[in-house]
Amino acid sequence: MALMKAQIRGGICLNAHPVGLAKMMETFKRRTMAAKGSMVGAAMAAGKELPKTVLVLGCSTGYGLATRMTAAFSCGADTVGVSFENPPSFKRAASPGWYNNRAFDYMAKSEGLYTVTINADAFADATRAQIIEIAKRDGLIFDQVIYSLASPVRTAPDGVMHRSVIKPVGKPFVGKTIDLVTNEFKELAINPATTDEIEATVKVMGGEDWELWMKALSDAGVLAPNCTTLAYSYIGPEHSWPIYRDGTIGKAKEHLEATVSRIDQILAAQGGKAYVSVNKALVTRASAVIPVIPLYISALFRIMKEMHLHEDCTDQILRLYRERLLAPGSMLTDERGRVRLDDWEMRDDVQKATATQMIYATESNIELITDISGFKTDFLQANGFEVPGVDYHARVQYE
Ligand code: NAD
């Protein structure tokens, strides 16, 4: 029987292994369940309540999945998830998140938790209406709403389709990136984005859609008093800013951060609050396609693992709940009101050591001096490959 192998093109894995993904989900569940005691302890010590009903937009992979798992299995919350994944066919595997959602629903139900997962375009008004209808039907009042969408394209409610681009703003970008299959370094030269491209990226990855969600949920009366909503963002080291923070995606993230005060106004009457949480760079479908980031993450992982500071999406979100959302007093934020889960990544010693690794990394020593193998393992495992204990020679049923 043929070996089922990952098919990787241009930083994207084109297939997914259902059995490998199911095994990964079991591990995530074990880890988040194991954190239950400390989560309950944190809430009691702070005199706060664990979340009861959580809506996760972008629930199927990466940070959104880690949040849904933590809300459900560490906090015992009922969850509603929205994501947009390709279902399987007889011949073709589904996208990874489709299998993750299926596993999540099964595991949550077997723990007696309420779970509803919708496979639909979260940017569409019809999806908002569908979630509100479900909430009213089942008597759900959301005390947390997590906004964790990462998408290259959005059709706005006026029917106009916007496409995001990863480009610098104002001047061209020249930098190194790495081919995940061959370890080949590639010089990249990317021309600055046009005004239309900047605007389109802000439309897709900025805060407009988050605000539409919070307004619709608030108007429908399905938000709890003191509801907290969080959207995820990234800043990263200065050397990545020309392509990231100062580029088109950064403009979108600035817009997302500026949306917090508008959502605060929507929630003010009920005592609710919006936050942007700036998270650590990690290997997800979204991050693997950003130039420079795979090389940076490989160097960063090496350093953070050596310093015993490394975290994956699950560790980050467990820390978000335990040490931020459920910590005593008001939420710990930076001077601009942002939650900073990238605090360890951005430490001076971590950044200096990472920058040095990047300077010395070449095609021939990359395996030795960075953790590119860790990057690749995370990347493959996010698609169900290279998961210990899985027989990749066995026949796989996609559906
Ligand atoms: P991801 O690609 O793993 O997940 C994206 C999610 O969005 C998936 O569930 C996908 O199904 C869903 N989605 C995409 N388009 C959709 C649509 N039209 N309708 C419904 N669902 C849709 O991405 P991620 O890396 O977890 O990113 C999530 C957020 O976290 C992003 O805002 C990202 O910028 C931020 N973030 C990521 C990193 C990182 O290194 N990965 C670091 C900090 C912050």
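This is a predicted model: local features need pLDDT of at least 70, side-chain atom pairs count only at pLDDT 80 or more; totals for chains, interfaces and linings use all residues.
**Exercise 1. Salt bridges**

Which side chain meets that of K186 in a salt bridge?

*Solution.* 
Step 1. The partner of K186 is D179; the N to O distance is 3.3 Å. A salt bridge requires a side-chain nitrogen of Lys or Arg within 4 Å of a carboxyl oxygen of Asp or Glu, so this pair qualifies.

Step 2. K186 has a relative accessible area of 38% and is therefore partly exposed.

Step 3. Over the whole structure, the search returns 26 salt bridges. Side chains of opposite charge can pair when their charged atoms come close.

**Exercise 2. Salt bridges within helices**

Describe the salt bridges R128–D125 and E306–R302 by distance, position and accessibility.

*Solution.* 
Step 1. For R128 and D125, the N to O distance is 3.1 Å. Both residues belong to helix α5, which spans residues 125-138, and they lie 3 residues apart, about one turn of the helix.

Step 2. R128 is buried at 3% relative accessibility, whereas D125, at 42%, is partly exposed.

Step 3. For E306 and R302, the N to O distance is 2.7 Å. These two residues are 4 residues apart in helix α9, so about one helical turn separates them.

Step 4. E306 is partly exposed at 48% relative accessibility, and R302 is likewise partly exposed, at 26%.

Step 5. Elsewhere, salt bridges with shared partners link R245, E257, D334, R338, R340 and D342 into one network.

**Exercise 3. The surroundings of Y296**

Determine whether Y296 is buried or exposed, and list its contacts beyond four places in sequence.

*Solution.* 
Step 1. Y296 is located in helix α9, residues 293-306.

Step 2. Its relative accessible area is 0%. The limit for a buried residue is under 20%, so Y296 is buried.

Step 3. With residues up to four places away in sequence set aside, Y296 touches Y234, P237, H239, A281, E345, Q351, T354 and M358.

Step 4. I372 is 76 residues from Y296 along the chain, and the C-alpha atoms of the two are separated by 9.5 Å.

**Exercise 4. Aromatic rings**

Classify the ring pair Y234–Y244, and identify the charged residues placed over Y275 and W344.

*Solution.* 
Step 1. The whole structure contains 6 aromatic pairs. In the pair of Y234 and Y244, the ring centres are 5.3 Å apart and the planes meet at 75 degrees. Planes over 60 degrees apart count as edge-to-face, and the pair is therefore assigned to that class.

Step 2. Y234 and Y244 both lie in the loop between β11 (223-233) and α8 (248-268), so the pair ties together parts that are 10 residues apart in sequence.

Step 3. Y234 is buried at 8% relative accessibility; Y244 is buried at 5%.

Step 4. The charged end of K273 is over the ring of Y275, 4.9 Å from the ring centre. R319 lies over the face of W344, 3.7 Å from the ring centre.

**Exercise 5. S151 in its loop**

Locate S151 and state which backbone oxygen lies 2.7 Å from a polar atom of its side chain.

*Solution.* 
Step 1. S151 lies in the loop between β6 (142-147) and β7 (153-155).

Step 2. A relative accessible area of 18% means that S151 is buried.

Step 3. The backbone oxygen in question belongs to V153.

Step 4. Apart from neighbours within four places in sequence, S151 contacts F123, S164, V204 and M205.

Key
Residues are numbered from 1 along each chain as its sequence is written. Side-chain values use heavy atoms; hydrogens and water are left out. Buried means under 20% relative accessible area, exposed over 50%, partly exposed in between (1.4 Å probe, protein chains only). Contact means heavy atoms within 4.5 Å. Rings of Phe, Tyr and Trp (its six-membered ring) pair if their centres lie within 6.5 Å; planes under 30 degrees apart count as stacked, over 60 as edge-to-face and the rest as tilted. A charge sits over a ring if NZ of Lys or CZ of Arg is within 6 Å of the ring centre and within 35 degrees of the ring normal. A polar contact is a pair of N or O atoms within 3.5 Å; within protein, one must be able to donate a hydrogen and the other to accept it, and residues adjacent in sequence count only if both atoms are side-chain atoms.
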